[in-house]
Amino acid sequence: MSYKTTKICVLFFFSILSLPFLNSCTSTSSDLIGDWKHLSDFDGLPRTGAVGFTIGSIGYLGTGYDGDERLKDFWQYDPSKNTWTQLASLPGVGRSYAVGFGTDTKGYIGTGYDGTNKLKDFYEFDPATNTWTQKKDFAGSARYAAIAMAINNKGYVGTGYDDYVLKDWYQYDPNTDTWTIKPSLGGTKRRNAACFVIDGKGYVMTGVDNGANSSDMWEYDPDAEVWNKKRAIENLSSESYDDNYGTNYIAGYNKIAFSINGKGYVATGSSGTYCWEYDPSTDLWVERTSFEATANSSRNNAVGFAVGNKGYLATGLSGSGTYCDDLWSFDPQALVDKYDN
């Protein structure tokens, strides 16, 4: 794997990313289901804080920070061929900690940090023509470390950090190129959170505010425009269902998230290599096989996306300060295969 050595940076969020990670597990890998497989390394520069999303059967990855500069290159990954192809670069400035989401036919990237300024510009990518079009700026304040998702071909962007930690929520309609403010996220403010979409509803969890990890989890119903509180992601109840959740096993920040076949998955980040599966029908989490990379295993601000029945993790910053360019698939139904790492 190629890499760069971490540079000293006075910006506070990079010092946060360099904190040591927890590497212990609540269960041994032999007890758990789910297999991580090492695939074709990302063809671009190693980086952290990039953006990733899916359009159809293709994954996309771009932007980020490589230890020297903020990037604007953009790539596609074809799981059927296990190959990367460079595409047209994002217009505007290079950035890290932006947001991105994909609808059925288009991709979108906006907000982020260029090394000096927080951003709110917003762009649409058309994979049919390999072109970018600038759209109306994000309606909220300029920010980074926000989250984004697509539900029924509309985009949703919120939370993050401008000069304060946020919990606002906005809808983007690609058909009219308009932003509409929606009811803000229930519960705590947060940045560096995670989210996924299951059956037309969005789920927001993890993140951090003033040094405290967010333990609350929320379901967004876009039809009713309401946030429904779900069970906490730490061991906070007197019941037995959350005894294995521990403190900061699921909770934390800088994690990846994706959904597969009606289940949600959260992995890596500040909590170490853990991987957890969420079932919305029971509102319960089950631990799955931890991220299996033997080198640079702990991973902050990697990119996560799902294609078909598998999730994917790429790039990120390791616990030792290595900028990474590896790619891994996760099959939640497979048994661990120690020979595919």
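Two residues are in contact when they have heavy atoms within 4.5 Å of each other. With that in hand, let's walk through this structure, which is a predicted model.

Start at Asp 104. Leaving aside residues up to four places away in sequence, Asp 104 touches Ile 55, Gly 56 and Asn 153. You'll find Asp 104 in the loop that links β6 (99-102) to β7 (107-113). Is this residue buried or exposed? Its relative accessibility is 58%, and exposed means over 50%, so Asp 104 counts as exposed.

One of the contacts of Asp 104, Ile 55, takes us to a sheet, since β2 covers residues 51-55. Strands of a sheet pair through backbone hydrogen bonds, either parallel or antiparallel. Here the sheet is open and has four strands in the order β2-β3-β4-β5, and the pairing is antiparallel. At the edges stand β2 (51-55) and β5 (83-87); each has a single partner strand, so one side of each lacks a neighbour in the sheet. On average, neighbouring strands in this sheet are turned by 25° against each other, if you ignore direction. Zoom in on β2 and you'll see that five bridges join it to β3 (residues 58-65), with the two strands running antiparallel. Within that pair, Val 51 sits opposite Gly 62 of β3.

Next, hop over to Lys 182, which belongs to strand β13 (residues 178-182). Why does this lysine count as buried? Its relative accessible area is 14%, and the cut-off for buried is under 20%. What does its side chain pair with? There is a polar contact of 2.5 Å between the side chains of Lys 182 and Glu 225. Beyond four places in sequence, Lys 182 touches Glu 225 along with Trp 169, Tyr 170, Gln 171 and Tyr 220.

Finally, the cysteines. A disulfide is a covalent bond between the sulfur atoms of two cysteines.

Conventions. Residues are numbered from 1 along each chain as its sequence is written. This is a predicted model: local features need pLDDT of at least 70, side-chain atom pairs count only at pLDDT 80 or more; totals for chains, interfaces and linings use all residues. Side-chain values use heavy atoms; hydrogens and water are left out. Buried means under 20% relative accessible area, exposed over 50%, partly exposed in between (1.4 Å probe, protein chains only). A polar contact is a pair of N or O atoms within 3.5 Å; within protein, one must be able to donate a hydrogen and the other to accept it, and residues adjacent in sequence count only if both atoms are side-chain atoms. Two strands pair if DSSP finds at least two bridges between them. Axes are lines fitted to C-alpha atoms, for helices over the stretch in contact, and angles run from 0 to 180 degrees between N-to-C directions.
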